[in-house]
Amino acid sequence: MTIKAITGMKDNLSPDIALWQAVEKTAREHFSKYFYEEIRTPLLEETSLFERGIGTETGVVKKEMYTFDDKGGDSVTLRPEGTASVVRAYIEHNIQRADPVTKFYYIGPMFRYERPQKGRLRQFHQIGVELFGATEPAADAEVIGMLDLFFQKVGVKNYELQINSLGCTECRVPFQKKLTDHLKSLAGELCADCQERITKNPMRVFDCKVEKCKEKLKAAPVLLDALCVPCKTHFDAVKSGLDAAQTKYIVNPRIARGLDYYQRTAFEFLSNDLGSQNAFAGGGRYDGLVKELGGPDVPAVGFALGMERLILLLGDKKPEVGGKKTYIVFMGSGTESPARKLAGELRAKGMTVEIDYAEKSMKAQLRRAGKYNFDYVIILGESELAKGVAQLKDYKTGEQKEVVFSSIASLF
Ligand code: HAM
């Protein structure tokens, strides 16, 4: 029996891989311009990191983690997201001492045992950023604006940025009581999950995808109307910052986010082109998390985008490939060695060059060059070799000319 990839986990190969690489390259360049540096953390962490970081009552921790005991009997988990790991590393390396403001980005796989469907996998990939050490709303606005510009740069169309404030413990605790009372009056009409949320985490009802619940919750009170003065001032300043940067957004008081660490700003990027998994990025402020995980009291804000969903949005957009591509065709005695030498010279100049390992028919070599859309074909046969020339064919225009073999590298 042949072995296949595990359900919800996909190989990533041509032709999509070129788009993945182009998106990742743009992300590295774009985030570096805002003084972010890359961080790479392990895929496996102690299970308690995610339990404490994300919250034991979240769907991710309760139902979706790949958790197992390793051979030493320790409970470990494949990371379901990047924030908790980056915070762990931030504390472990005492980074706050080196610089009070630190910015990281990361690119890599995450694991959640969800029901696979379009845009939802069990191994998926995120590009994320985490900014530590700034409580100021200017940091939130910059992080959100940076992501918005990134989406424009890679060519996403038809999307919406929604923002909300989830308040702080000062305003959230009394609000939760008010919300709980309201929800209790509806209890019989809500789904089983929402009924459980009423006692465990009432704000999460706004995450519910069940139509009946969404309808019933339309009249529920929202935290945005009950923010304390500092949280309201902060949220107003985030909005002003976005306005100043001409970042378009709408305020959606029902954004709850699926992870427990958020405070104040929360946001999502949504697209109707994605079907039911319509959020292709999300993030917010999580000022209490570093302290909660045993570190200093350092504020933070960040986001992660889902690569698979972003790639779906970009569709069959072809990335710009750097450098021209040349196929070198060799035919006949004595031609292989100079052809291979030329391939080396052209590659050293930055060109992409393909050359066969075994001598095939001219037709077979040209067919392969055509299949992969090469810009040029250089043909070296015995008669060309004898005259010290080669045929240079521009595959795009069809034009073919004889060129001096020893000068080919200088033509590009
Ligand atoms: P999240 O909203 O759970 O946030 O995930 C961010 C993005 O990852 C989602 O918007 C979605 O595009 C993608 N994603 C999540 N689950 C899946 C899945 N099963 N299949 C495909 N794509 C998926 C976080 O993970 C936070 N750590 C973001 C953050 C960083 N907040 C602050 N800093």
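**Figure 1. Who sits around the ligand?** Ala, Val, Leu, Ile, Met, Phe, Trp, Tyr, Cys and Pro count as nonpolar, Asp, Glu, Lys and Arg as charged, and the others, Gly among them, as polar. With that sorting in hand, the residues of the shell around the ligand split into 12 nonpolar, 8 polar and 7 charged. Keep in mind that this is a predicted model. There are 27 residues around the ligand, and the ones that come nearest are Glu81, Thr83, Glu114, Glu130 and Tyr262.

Figure 2. S10 gives the largest share, with 6 residues.

Figure 3. Start with Tyr262: one of its polar side-chain atoms lies 2.6 Å from a nitrogen atom of the ligand. Next, find Gln126, where an N or O atom in the side chain is 3.1 Å from an oxygen atom of the ligand.

**Figure 4. An open sheet of 5 strands**. Trace the strands in the order S13-S12-S14-S15-S16, and you'll find that the pairing is mixed. The edges are S13 (352-355) and S16 (400-404), each of which pairs on one side only. Going from one strand to the next, the twist averages 25°.

Figure 5. S15 (residues 389-394) and S16 run antiparallel and are joined by 5 bridges. Pick out Val389, and you'll see that its bridge partner in S16 is Val404. Helix H14 (residues 362-371) packs on the sheet, where it touches S12 (325-330), S13 and S14 (376-380). The direction of H14 makes about 175° with that of S12.

**Figure 6. Two backbone spots to check out.** Most peptide bonds are trans, and most residues other than glycine have a negative phi. The peptide bond from Ser14 to Pro15, though, is cis, with omega near 5°. You can find Pro15 in the segment before helix H1 (16-32). Then there's Asn158, a residue other than glycine with a positive phi, near 55°. Look for Asn158 in the loop between helix H6 (137-154) and strand S7 (160-165).

Technical notes: Residues numbered from 1 in each chain as written. Predicted model: local features only at pLDDT ≥ 70, side-chain atom pairs only at ≥ 80, totals over all residues. Heavy atoms only, no water. Near = heavy atom within 4 Å. Polar contact = N/O pair within 3.5 Å; in protein donor to acceptor, adjacent residues only side chain to side chain. Helix = DSSP H or I, 4+ residues; strand = E, 2+ residues; numbered from the N terminus. Pairing = 2+ DSSP bridges. Axes fitted to C-alpha atoms, helices over the stretch in contact; angles between N-to-C directions. Contact = heavy atoms within 4.5 Å.
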